[in-house]
Amino acid sequence: MSNPFLKQVFNKDKTFRPKRKFEPGTQRFELHKRAQASLNAGLDLRLAVQLPPGEDLNDWVAVHVVDFFNRVNLIYGTISDGCTEQSCPVMSGGPKYEYRWQDEGRFRKPTALCAPRYMDLLMDWIEVQINNEDLFPTNVGTPFPKNFLQVVRKILSRLFRVFVHVYIHHFDRIAQMGSEAHVNTCYKHFYYFVTEFSLIDPKELEPLKEMTSRMCH
């Protein structure tokens, strides 16, 4: 395993936090396996994200949200030692875009934070959402709540901000580790998925618009 990025991915100390897994034998585990098989077979990512015939949209979305959370976590985990309060005093995507944190707890108003603090709160918040049985039910037959896609849109738009920050402020580190192709594939997969199902407001995608048009069109 000569690729330093893969070494870091498989080094448990570098993983930002534990991966959320699907229970074997469940419908979602089978969907996860199917999605992974499509990717491993080198299927065109635009086709790989499409809803398989006869499958439930919410199940398909839930599987991908958890998968994207795990992947983005790993990507950020590999550059996190270079993302500090000193290097990134503001959570931003270049000079034009600043992201402020807001939640139901301590930060009820949008608050400017350094990037590592923002990332920590973001990952904690997403972890709470995807482990909430009322939002992401694991039992087959348990219906998804009516606000499921609304919550998913918020999760995905916030995960997109991680890509923005990593690409704009830490891309030299990604390139240095030889992981550019891997990160680009993760990003394309994410982009095709959110646009296939209109899960992110196009305005949110603006910071990476030029790069995306080169990479994905």
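Contact here means heavy atoms within 4.5 Å. The model is predicted. The chain has nine helices and zero strands, and its elements run α-α-α-α-α-α-α-α-α from the N terminus on. Of the 217 residues in the chain, 48% are buried. Among contacts between residues at least 6 apart in sequence, 73% join residues at least 24 apart.

- Leucine 51 sits in the loop between helix H3 (45-48) and H4.
- Not counting residues up to four places away in sequence, leucine 51 touches Asp56, Leu57, Trp60 and Phe197.
- With a relative accessible area of 32%, leucine 51 is partly exposed, because that class covers the values between 20% and 50%.
- From leucine 51 to valine 61, ten residues apart in sequence, the C-alpha to C-alpha separation is 8.9 Å.

**Packing of H4 with H8**

- The axes of H4 and H8 cross at roughly 150° and come within 11 Å.
- H4 is therefore roughly antiparallel to H8, since angles over 145 degrees fall in that class.
- The crossing of H4 past H8 is left-handed.
- H4 contributes Trp60, Val61, His64, Asp67, Phe68, Arg71 and Ile75 to the contact, and H8 contributes Val183, Cys186, His189, Phe190 and Phe193.
- By class, this contact of H4 with H8 has eight nonpolar, two polar and two charged residues.

**Packing of H6 with H8**

- Helix H6 (residues 148-169) packs against helix H8 (residues 180-196) at an angle of about 150°, and their axes are 12 Å apart.
- This angle makes H6 roughly antiparallel to H8.
- H6 and H8 cross in a left-handed sense.
- On the H6 side the contact is made by Leu156, Leu159, Phe160, Phe163 and Tyr167, and on the H8 side by Val183, Asn184, Cys186, Tyr187, Phe190 and Val194.
- The contact of H6 with H8 has ten nonpolar residues, one polar residue and no charged residues.

**Asparagine 184 in H8**

- Asparagine 184 belongs to helix H8.
- Asparagine 184 has a relative accessible area of 16% and is buried, because buried means under 20%.
- Leaving aside neighbours within four places in sequence, asparagine 184 is in contact with Tyr167, Phe171 and Met215.
- Asparagine 184 and phenylalanine 163 are 21 residues apart in sequence, and their C-alpha atoms are 9.8 Å apart in space.

**Packing of H5 with H6**

- The axes of H5 and H6 come within 11 Å, with a crossing angle of roughly 150°.
- That angle makes H5 roughly antiparallel to H6.
- The crossing of H5 and H6 is left-handed.
- From H5, the residues in contact are Ala115, Tyr118, Met119, Leu122, Met123, Trp125, Ile126 and Gln129; from H6, they are Val151, Lys154, Ile155, Arg158, Leu159, Arg161, Val162 and His165.
- Eleven nonpolar, two polar and three charged residues make up the contact of H5 with H6.

- Glutamate 104 lies in the loop between helix H4 (57-79) and helix H5 (115-130).
- At 66% relative accessibility, glutamate 104 is exposed, because exposed means over 50%.
- Tryptophan 125 is 21 residues from glutamate 104 along the chain, and the C-alpha atoms of these two residues are separated by 10.0 Å.
- Tryptophan 125 is also one of the H5 residues in the contact with H6.

- Serine 198 lies in the loop between H8 and helix H9 (209-216).
- Although not a glycine, serine 198 has a positive phi of about 50°.

- Cysteine 186 is buried, at 4% relative accessibility.
- Cysteine 186 is among the H8 residues in the contact with H4 and among those in the contact with H6.
- Cysteine 216 has a relative accessible area of 1% and is buried.
- A disulfide is a covalent bond between the sulfur atoms of two cysteines.
- With a disulfide taken as a pair of cysteine sulfur atoms within 2.5 Å, the count is zero disulfides.

Note on methods
Residues numbered from 1 in each chain as written. Predicted model: local features only at pLDDT ≥ 70, side-chain atom pairs only at ≥ 80, totals over all residues. Heavy atoms only, no water. Buried < 20%, exposed > 50% of the residue type's maximum accessible area, 1.4 Å probe, protein only. Axes fitted to C-alpha atoms, helices over the stretch in contact; angles between N-to-C directions. Helix = DSSP H or I, 4+ residues; strand = E, 2+ residues; numbered from the N terminus. Parallel < 35°, antiparallel > 145°, perpendicular 65-115°, else oblique. Left-handed = near helix turned anticlockwise from the far one by under 90°. Nonpolar A, V, L, I, M, F, W, Y, C, P; charged D, E, K, R; others polar.
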